There are 6 protein chains.
Amino acid sequence: MADQTISRFPVPELSDLPDDIRTMIETVQEKSGFVPNVFLALAHRPDEFRAFFAAHDALMDKTEGLSKAEREMIVVATSARNQCLYCVVAHGAILRIRAKNPLIADQLATNPRKADLSDRERHIVEFALKVCDDSASVSDADLDDMRAKGFDDDEIWDIGAITAFFAMSNRLANLTSMRPNDEFFAMAR
Amino acid sequence: MADQTISRFPVPELSDLPDDIRTMIETVQEKSGFVPNVFLALAHRPDEFRAFFAAHDALMDKTEGLSKAEREMIVVATSARNQCLYCVVAHGAILRIRAKNPLIADQLATNPRKADLSDRERHIVEFALKVCDDSASVSDADLDDMRAKGFDDDEIWDIGAITAFFAMSNRLANLTSMRPNDEFFAMAR
Amino acid sequence: MADQTISRFPVPELSDLPDDIRTMIETVQEKSGFVPNVFLALAHRPDEFRAFFAAHDALMDKTEGLSKAEREMIVVATSARNQCLYCVVAHGAILRIRAKNPLIADQLATNPRKADLSDRERHIVEFALKVCDDSASVSDADLDDMRAKGFDDDEIWDIGAITAFFAMSNRLANLTSMRPNDEFFAMAR
Amino acid sequence: MADQTISRFPVPELSDLPDDIRTMIETVQEKSGFVPNVFLALAHRPDEFRAFFAAHDALMDKTEGLSKAEREMIVVATSARNQCLYCVVAHGAILRIRAKNPLIADQLATNPRKADLSDRERHIVEFALKVCDDSASVSDADLDDMRAKGFDDDEIWDIGAITAFFAMSNRLANLTSMRPNDEFFAMAR
Amino acid sequence: MADQTISRFPVPELSDLPDDIRTMIETVQEKSGFVPNVFLALAHRPDEFRAFFAAHDALMDKTEGLSKAEREMIVVATSARNQCLYCVVAHGAILRIRAKNPLIADQLATNPRKADLSDRERHIVEFALKVCDDSASVSDADLDDMRAKGFDDDEIWDIGAITAFFAMSNRLANLTSMRPNDEFFAMAR
Amino acid sequence: MADQTISRFPVPELSDLPDDIRTMIETVQEKSGFVPNVFLALAHRPDEFRAFFAAHDALMDKTEGLSKAEREMIVVATSARNQCLYCVVAHGAILRIRAKNPLIADQLATNPRKADLSDRERHIVEFALKVCDDSASVSDADLDDMRAKGFDDDEIWDIGAITAFFAMSNRLANLTSMRPNDEFFAMAR
């Protein structure tokens, strides 16, 4: 588990981790059958680990408003823009499962305009890409436009906040050269 | 306090907030003499608020490795790149205080190459800007280069992680059009 | 087969095609088990079809110099840069087969710097990306640099010419919104 | 004729070329009074030479739909975007002849928006530049817009396919540093 | 006064300057209480100095059409785009004075979209930024649009010409690494 | 002479101009055989006209340091980068005359890297393009590099200042859509 190829920075042994983090990782391992490398790479910094997953869960585990598949679409499209290998591959797998669609992740990662999306999904992805690439230009008119397309303010916040969270996450994964587990590549194809 | 111009999204009344958040805000207010708007704008989402400030404090309140002024330099330089008005103005004020230098924030925000920086500070800012603008290109050679310049791995992680955190923070501030308090503009000039 | 979703332009019936083109398509179908959509989309213009595949085969079916896997690496990396869904997905499948590596296509398409490449493969991909993105800046010094890395002039021409051919191919696929066959997505995972 | 300054790669002697290619070159020489260097530079690779000129002629020698001058306008405008000296100079000369206009090539090469174009010509050039620069964003709406401006689908394909062909051609010329013959510079001024 | 840190090029002594230039500088010094460094840095080239300030005064000291505050808004917004430390800091101070607004310069320099501007001021700044960043795309339609928003042709020329003048000025300041006087940073906060 | 197609703004009659400007234009006309449109377009604003040509002559008519052909090379290369039709065409003609080279202007305008330049000329053009495109990044090391290549500080200033002047000039020409006289296109071919 301490294989250095997971990250450019030290990866702790499970046995050296604080109890809450070790328990969290063991729970994921039981559920998934393996430990996604993001847990091991970030465990190098326990306080940052806890804040990272608290923010992640607050945004990605919600059930009202955006669906879980829609949330993953945001992650895959914006992470591809940031060329984040870990997030494209790992969340691509989760998206295929959540959307029950084996093609959607590769489509979104390669060219979101060519993906098989509903109008609602396309609006979500386009707004997310604007926040990802050029948040400084997000205007009142952009929010009004989203409202006119049927999104409420909680959904707009979620699209923006998920994009913002993965702007951080992509940079951490690129900084550490976090390696996606081999298991993710073929999952739900 | 519920003035909507602080954010494009609803801003809660202090009295409506969970106890822990209200206490945290009151403590800041006592210390600073006013409530920085980021606390009010993010209090709209208590769980995200808690995770945001936990991550912030884990990265910005550390005392070993990078100095507090160096941490603020990263924030001002990368937030300027992302055209984030809130972070440039608020953290510009904090940087002037921490660096005891009334010129440094405007220099860094306008053109980091023309700022009065030590060699060490210049290396920090340049690495941060690479993570900010093009994290996908951060290579093993970049890390080796930083090590050769005298940074240890904890400092390198901190530079990257602070940059990553403000990549998120800048997007949230731009999404919400978070307004910097007037107090920040003239502070420590 | 005349399904319009293959292309924004008319897709001919096999029975309406000139004999040489119909025979070529039937041969591919026998070998692959399906007809890759690029054959159907381009058959709309028989003379251009013939020239396209003559150029393709001259560059991609060679056996001396670059290996067939190396040729496909160029295609996947540069087509991802041009956001060409057809070429990334179809040639990604071919690359997985030729390189006997289920991970390499997704790695190259997402971030070539993070792909598991040998030094030789990395030099090939980097030179291809320069020709793809900014051919105007390719200098005598770039060619000398490739020679110093062990490439002969026929290999350098091939890297550049394959990249040039797919600069054309990617634009045709994006113009026609050419859809990759579903079969390609899961192939050789 | 084997002067290396025509190309960074070997340039064959006419007498060493396959009969069909030598005959083709001699025919051009008789007609033009000189051999355009593209024939000599590409003759280094006979199979690629044949496919290149077959594609070129299929797209540039057509007489229905786009006029020959319109086809050359696409070449000059997009080759200027790719900073391809050979194509701007050689096709600039051909454009001046075909359009019977000594100013149009320099105008299009420098700033297409300032060229003396009819509305139809302007629409052609603008669509071509979109395919040249950002084909991934060409949408169904772009095609509908061109149809509304009076273009049929064969004309739209031709604009896109000529642009795609010269995306290849420009990269080959930049790779080989193909030198335009001095004769082209002053032709039809 | 001959301190080399004002400029990368020699800075003349006041006593060595031609009478007209020395007198001009002494007048500014009496009025401002200090000599802005731009006068000293450019005095290295007396003929260019005279032409520079003649052009500057013709554009910036006019009283009809654009107000003096509006003229300074153009300078601050476009100089920030060009990352010109001297002009952002020095003209930021002048703008705060002319607009009687201590916040406006930092807002415009960081993100013009988030500045407290009237509609008229926003149109001025947006047109200026187009001339600054991409003057080649300024079209007849852009001028008609400005006229429809209530600007006359003299105002449109002024916006464009002030932007053009500071495109020159910003490059001179960046070439010479012209240092803003410390006095400007805190002025009119 | 009052033909509106010379400029988007009013073009004065010669007889309406102040004496000094009319005399200057008549002198140019006698020498050149025609009046270059820049004189007519800018005469709309006499004070700006005087400052513009004073700056122009101070930089372009010098005889020590850079040669006149070298000065024109800077103009053509940087004006092409800014897509300024007037300056590329008019100064292209002057460059062909000054350099006694009918090919050099088209080469520089299309791709400076492919132009027939001496090493000295190449260094001049590359430094000019850096000041043109990204003056904010011009560093002390860039100036040291130019000095190591044999340029003195007056030459370096001239390269930068000519580039800066045409950054202004190109924007004025693009703002006014200044039309190059037909005479320039064929001159000295």
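In the predicted model, chain B and chain D share no contact, and their closest C-alpha atoms are separated by 20 Å. Chain C and chain E likewise have no contact joining them, with the closest C-alpha atoms of this pair 20 Å apart.

Chain B and chain A, by contrast, do meet, and the contact draws 43 residues from chain B and 43 residues from chain A. Between them the two chains bury about 3500 Å², of which 64% lies on carbon and sulfur atoms. Of the area that chain B buries against chain A, 24% is supplied by Arg8(B), Trp157(B) and Arg171(B), which is more than any other three residues provide.

Sorted by class, the side of chain B that touches chain A comprises 23 nonpolar, 9 polar and 11 charged residues.

Side chains of opposite charge can pair when their charged atoms come close. Over all chains the count of salt bridges comes to 126, and 6 salt bridges are found across the interface of chain B and chain A. In one salt bridge between these chains, Arg45(B) is paired with Asp158(A), the closest N and O atoms lying 2.6 Å apart. In another, the side chains of Arg45(A) and Asp154(B) meet at 3.1 Å, N to O. This latter pair crosses between chains, running from Arg45(A), which is placed in the loop between α2 (37-42) and α3 of chain A, to Asp154(B) in helix α9 of chain B.

Within chain A, helix α3 (residues 46-60) packs against helix α9 (residues 153-176) at an angle of about 145°, the axes of the two helices being 10 Å apart. The crossing in which α3(A) passes α9(A) is left-handed. On the side of α3(A), the residues in contact are Phe52(A), Ala55(A), His56(A), Leu59(A) and Met60(A), and these meet Asp158(A), Ala161(A), Ile162(A), Phe165(A), Phe166(A), Met168(A), Ser169(A) and Leu172(A) in α9(A). By class, this contact of α3(A) with α9(A) is made up of 10 nonpolar, 2 polar and 1 charged residues.

Note on methods. Residues are numbered from 1 along each chain as its sequence is written. Chains are lettered from A and ligands numbered from 1 in the order in which they are written. This is a predicted model: local features need pLDDT of at least 70, side-chain atom pairs count only at pLDDT 80 or more; totals for chains, interfaces and linings use all residues. Side-chain values use heavy atoms; hydrogens and water are left out. Axes are lines fitted to C-alpha atoms, for helices over the stretch in contact, and angles run from 0 to 180 degrees between N-to-C directions. Helices (H or I, at least four residues) and strands (E, at least two) are DSSP runs, numbered from the N terminus. A crossing is left-handed if the near helix is turned anticlockwise from the far one by less than a right angle, and right-handed if clockwise. Contact means heavy atoms within 4.5 Å. Ala, Val, Leu, Ile, Met, Phe, Trp, Tyr, Cys and Pro count as nonpolar, Asp, Glu, Lys and Arg as charged, and the others, Gly among them, as polar. Buried area is the accessible area (1.4 Å probe) that two parts lose on being put together, summed over both. A salt bridge is a side-chain nitrogen of Lys or Arg within 4 Å of a carboxyl oxygen of Asp or Glu.
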